[in-house]
Amino acid sequence: MELIDSHIHLDDDRFNSDRAELVKSAQTAGISRFIVPAVSVNRFPAVLKTAKEYDSVSYTLGLHPYYINEHSGTDLEFLAQSLHGSGAVGVGECGLDYYLKDLDRDKQKLVFEAQVVLAKHFNLPLVLHVRGAIDEVFKTLKKHNYFNAMMHSFNGSVEQAKQIIAKGVYLGFGPAVCNPNAHKLKKLIEYVPIECMVLETDAPDQPFFDKSGQRNLPIDLLRVNQDIAAIKKVKPMILAEQTTTNVNQLFNL
Ligand SMILES: [Zn+2]
């Protein structure tokens, strides 16, 4: 069985003490590739270093809305330069976060839209972080007629999912799916065809409901695959195969 983690922060300092070991055990279990998104220019060096150290790592470069107060116009220029001939397979993590009230929405929109333009220019897929702003993000994609993208940790309505996947945008699902109380998310997954899905751990960031306070790990992708396969009533092998194909297609691997 082969799996690809479409969204994992392997560069995170919380993996500094055991990264090699964790990558190795995940690979042994069949996780063949890790897509690592950068979140701000000061993380670019760590992401590039991780990609250099591990053949199994592909990376994307972007400016995350969560760090909107840190980003500047110079950062956007630096991102554009860095994308040029860098080996990055996508633009992101970028998007809109309307969940946290102290993140300036107007600045978020400016920085996000600039990255949509860059992605389109370089013909690279967008790795989208969207919280409380699915319609707004989708509107921006429509404005630029650019749908080469995945929305990571998607948690919208069936109606929203329907419109988004109709445009060819992939939806990412991760550890939240494994929570027995995630009824709405499970219903949504019942609806989304596996041809439109990618799997992720978002490690170390999204602890499983039964491991609160702990890092989640690269190998936890197996559990995500298992639980989504159960919801979709397909063999884990089939889901792994299809979502691997999806990630390869999206990131042109
Ligand atoms: Zn992330």
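Modeller: Happy to! Keep in mind that this is a predicted model. Let's start with helix 8 and helix 9, which are roughly perpendicular to each other.

Colleague: What angle do helix 8 and helix 9 pack at, and how far apart are their axes?

Modeller: The angle is about 105°, and the axes of helix 8 and helix 9 are 8 Å apart. Angles from 65 to 115 degrees count as roughly perpendicular, so this pair gets that label.

Colleague: Which residues meet there, in helix 8 and helix 9?

Modeller: From helix 8 you have Asn 225, Gln 226, Ile 228, Ala 229 and Lys 232, and they meet Pro 236, Leu 239 and Ala 240 of helix 9. Sorted by class, the contact of helix 8 with helix 9 has 5 nonpolar, 2 polar and 1 charged residues.

Colleague: And what sits in the loop between helix 8 and helix 9?

Modeller: Lys 233 is in that loop, with helix 9 covering 236–250. Its phi is near 55°, a positive value in a residue other than glycine.

Colleague: Is Lys 233 buried or exposed?

Modeller: Lys 233 counts as exposed, because it has 7 C-beta neighbours inside 10 Å.

Colleague: Where else is there a positive phi in a residue other than glycine?

Modeller: Look at Asn 123, where phi is near 50°. Asn 123 lies in the loop between helix 4 (105–122) and strand 5 (126–131). Asn 123 is exposed too, since 9 other C-beta atoms lie within 10 Å.

Colleague: Back to helix 8. At what angle does helix 7 pack against helix 8?

Modeller: Helix 7 (residues 183–191) and helix 8 (residues 221–232) pack at about 65°, with their axes 9 Å apart. That makes helix 7 roughly perpendicular to helix 8. Their crossing is right-handed. Lys 186, Ile 189 and Glu 190 of helix 7 make the contact with Ile 228, Ile 231 and Lys 232 of helix 8.

Colleague: How do the residues of that contact between helix 7 and helix 8 divide by class?

Modeller: They split into 3 nonpolar, no polar and 3 charged.

Colleague: What does Val 177 touch?

Modeller: Leaving out residues up to four places away in sequence, Val 177 touches Ala 182, Leu 185, Ile 189, Val 224, Asp 227 and Ile 228. Val 177 itself is in the loop between strand 7 (170–173) and helix 7. Val 177 counts as buried because it has 22 C-beta neighbours inside 10 Å. Between Val 177 and Ile 189 there are 8.6 Å in space, C-alpha to C-alpha, and they are 12 residues apart in sequence.

Colleague: New topic: how do helix 3 and helix 4 cross?

Modeller: Helix 3 (residues 73–83) and helix 4 cross at roughly 20°, and their axes come within 11 Å. That makes helix 3 roughly parallel to helix 4. The crossing of helix 3 and helix 4 is right-handed.

Colleague: Which residues meet between helix 3 and helix 4?

Modeller: Leu 76, Leu 79, Ala 80 and Leu 83 of helix 3 meet Val 111, Ala 114, Leu 118 and Phe 122 of helix 4. By class, that contact has 8 nonpolar, no polar and no charged residues.

Colleague: How many residues are in the largest nonpolar core?

Modeller: The largest nonpolar core has 73 residues. Those with the most contacts inside it are Val 36, Tyr 59, Leu 128, Met 150, Met 151, Leu 171 and Phe 173. Take Met 151: neighbours within four places aside, Met 151 is in contact with Leu 128, Val 130, Ile 164, Val 169, Leu 171 and Gly 172.

Colleague: Last topic, cis peptide bonds. Which residues does one join?

Modeller: One joins Gly 92 and Glu 93, with omega about 25°. Gly 92 lies in strand 4 (residues 90–97), and Glu 93 is also placed in strand 4. Another cis peptide bond joins Ala 203 and Pro 204, with omega about 5°. Pro 204 is in the loop between strand 8 (197–199) and helix 8.

Colleague: What surrounds Gly 92?

Modeller: Not counting residues up to four places away in sequence, Gly 92 touches Pro 37, Thr 60, Gly 62, Leu 126, Val 127 and Leu 128. The C-alpha atoms of Gly 92 and Gly 62 are separated by 3.9 Å, although the two are 30 residues apart along the chain. Gly 92 counts as buried because it has 28 C-beta neighbours inside 10 Å.

Key
Residues are numbered from 1 along each chain as its sequence is written. This is a predicted model: local features need pLDDT of at least 70, side-chain atom pairs count only at pLDDT 80 or more; totals for chains, interfaces and linings use all residues. Axes are lines fitted to C-alpha atoms, for helices over the stretch in contact, and angles run from 0 to 180 degrees between N-to-C directions. Helices (H or I, at least four residues) and strands (E, at least two) are DSSP runs, numbered from the N terminus. Angles under 35 degrees count as roughly parallel, over 145 as roughly antiparallel, 65 to 115 as roughly perpendicular and the rest as oblique. A crossing is left-handed if the near helix is turned anticlockwise from the far one by less than a right angle, and right-handed if clockwise. Two residues are in contact if their C-beta atoms, placed from the backbone, lie within 7 Å. Ala, Val, Leu, Ile, Met, Phe, Trp, Tyr, Cys and Pro count as nonpolar, Asp, Glu, Lys and Arg as charged, and the others, Gly among them, as polar. A nonpolar core is a set of buried Ala, Val, Leu, Ile, Met, Phe, Trp, Tyr and Cys residues joined through C-beta atoms within 7 Å. A residue is buried if 20 or more other C-beta atoms lie within 10 Å of its own, exposed if 12 or fewer, and partly exposed in between; C-beta atoms are placed from the backbone.
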